[in-house]
Each structure stands twice: as C-alpha cells, then as structure tokens.
Amino acid sequence: MNAILVDIYSTVAPSAPFIIAAYAIVWLALLIYVIITVNGLKKTEAQVALLEEALAAKTAKDNAPA
C-alpha cells in the first residue's frame, strides 16, 4: 500500500467511531423531532375538527327557525 494512504488511514481510522456516533446522534435527533412534530400535527388536526363541529352546530342552532 502507498505510504501516503497508510498515513491518511491511520489518521482517519481512530476517529471513525466518533464520526459514526455523531451521525447516529444527528439522525436520532431528527427522527425524534419528526415524531414529535407529527404527533403535534395530529393533535392540532383533532382540535380543528372539534372546532369545526362546534362551529357547524352553533351555526345550525343560530339559523334554526324559532
């Protein structure tokens, strides 16, 4: 093997576990963020649906003949 490549690999190889761990942490943080965001979106959609139902019921009640 080329002496320059040996020097490069000996420099990079010891730090490989740290690089892999950093990537794993970033991907895990991104996954957790997406899960939290999706859960929040589902809750918001449910609240909007409830508000739409309440508004429809109020509108129907207000427009009902007396």
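The chain contains 2 helices and 0 strands, both kinds of element being DSSP runs numbered from the N terminus (helices H or I, at least four residues; strands E, at least two). The radius of gyration of the chain is 28 Å, well over the 11 Å that the globule rule gives for 66 residues, so the chain is more spread out than a compact globule. This radius is taken over C-alpha atoms, and the globule rule is 2.2 Å times the number of residues to the power 0.38. The model is predicted, and local features need pLDDT of at least 70, side-chain atom pairs count only at pLDDT 80 or more, and totals for chains, interfaces and linings use all residues. Residues are numbered from 1 along each chain as its sequence is written, and side-chain values use heavy atoms, with hydrogens and water left out.

Along its principal axes, the C-alpha trace spans about 95 × 15 × 10 Å. Buried residues account for 0% of the 66 residues in the chain, where buried means under 20% relative accessible area, exposed over 50%, and partly exposed in between (1.4 Å probe, protein chains only). The accessible surface of the chain amounts to about 6100 Å², and 75% of this belongs to carbon and sulfur atoms. Areas were computed by the Shrake-Rupley method with a 1.4 Å probe; for residues, only the protein chains shown count as cover.

Helix 1 covers residues 3-12 and includes Ile4. Ile4 is exposed, its relative accessible area being 56%. Together with Met1, Leu5, Val6, Ile8, Tyr9 and Val12, Ile4 makes a nonpolar surface patch of about 710 Å².

Gly40 is located in helix 2 and is partly exposed, at 31% relative accessibility. Between Gly40 and Leu30, 10 residues apart in sequence, the C-alpha to C-alpha distance is 15 Å.

The structure holds 1 salt bridge, defined as a side-chain nitrogen of Lys or Arg within 4 Å of a carboxyl oxygen of Asp or Glu. Asp62 and Lys58 form a salt bridge in which the closest N and O atoms are 3.1 Å apart. Asp62 and Lys58 are separated by about one helical turn, because they lie 4 residues apart in helix 2 (residues 16-63).

Note on methods
Patches are made of residues with over 30% relative accessible area and no salt bridge: like charges are joined within 9 Å, nonpolar side chains (Val, Leu, Ile, Met, Phe, Trp, Tyr) within 5 Å.
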